[in-house]
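Here's a quick tour for anyone meeting this structure for the first time. Have a look at it, then read on.

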Amino acid sequence: MPARRRDFILYIGDTFQRQINLRSGPEADIADFTGRFVIYNDDDSELIALTTETSGITLHNGYIEIEITDVVSSGISVAGLSRIEPADNCELPYSADGYLARYALRVESTTGVVTTLLTGTVGIVESVVEGA
């Protein structure tokens with residue numbers, strides 16, 4: 001299964017929840033696998049790492065659930081990230097200034113085969129001002 005690309009927006013201080021649906025078939029049977037969702041800084045250091053062993057990522061047959069809690073997202077440091085200008089994003093029209101990070105979603109089979117399922121960029125927005 002080749003890796004797909006999808007970009008996200010993450011607001012610091014908000015809960016980030018996504019369900020990633022897999023193409024149906026035998027390769028989508030990943031409930032017994034382990035998984036890791038990592039958001040990386042420009043210097044390859046980890047901003048956030050979610051695993052099936054700790055929390056934040058749950059693997060099911062046919063889909064994956066990802067959750068970054070508001071407490072975890074509040075602890076994100078944008079130091080070292082590239083500044084981005086307002087631009088469209090594949091989620092919603094993006095109209096706030098933010099920072100750009102990248103991520104990878106990988107799973108490991110019970111036999112030790114590691115597969116990257118999803119990669120992309122994350123637009124990280126420091127704060128949202130209501131009424132602006």
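A residue is called buried when its relative accessible area is under 20%, exposed when that value is over 50%, and partly exposed in between. Keep in mind that this is a predicted model.

What does Arg 36 pair up with? Its partner is Glu 46, in a salt bridge. Glu 46 sits in strand E5 and Arg 36 in strand E4 (residues 34-40), 10 residues apart. Glu 46 is partly exposed too, at 43%.

How many salt bridges turn up in the whole structure? The search finds 3, and here they are:

| Glu 46 | Arg 36 | 2.4 Å |

Arg 102 is partly exposed at 34%, whereas Arg 5 counts as exposed at 56%.

Strand E5 (residues 46-51) also holds Thr 51. Is Thr 51 buried or exposed? With 12% relative accessibility, Thr 51 is buried. Its side chain makes a polar contact of 2.6 Å with that of Thr 54.

Over on the surface, Asp 14, Glu 65, Glu 67 and Asp 70 form a patch of negative charge. Of these, Asp 70 lies in helix H1 (residues 70-74) and is partly exposed at 37%.

Note on methods. Residues are numbered from 1 along each chain as its sequence is written. This is a predicted model: local features need pLDDT of at least 70, side-chain atom pairs count only at pLDDT 80 or more; totals for chains, interfaces and linings use all residues. Side-chain values use heavy atoms; hydrogens and water are left out. Patches are made of residues with over 30% relative accessible area and no salt bridge: like charges are joined within 9 Å, nonpolar side chains (Val, Leu, Ile, Met, Phe, Trp, Tyr) within 5 Å. Accessible areas come from the Shrake-Rupley method with a 1.4 Å probe; for residues, only the protein chains shown count as cover. A salt bridge is a side-chain nitrogen of Lys or Arg within 4 Å of a carboxyl oxygen of Asp or Glu. Lys and Arg count as positive and Asp and Glu as negative; His and the chain ends are not counted. The place of a charge is taken as NZ of Lys, CZ of Arg, CG of Asp or CD of Glu. Helices (H or I, at least four residues) and strands (E, at least two) are DSSP runs, numbered from the N terminus. Buried means under 20% relative accessible area, exposed over 50%, partly exposed in between (1.4 Å probe, protein chains only). A polar contact is a pair of N or O atoms within 3.5 Å; within protein, one must be able to donate a hydrogen and the other to accept it, and residues adjacent in sequence count only if both atoms are side-chain atoms.
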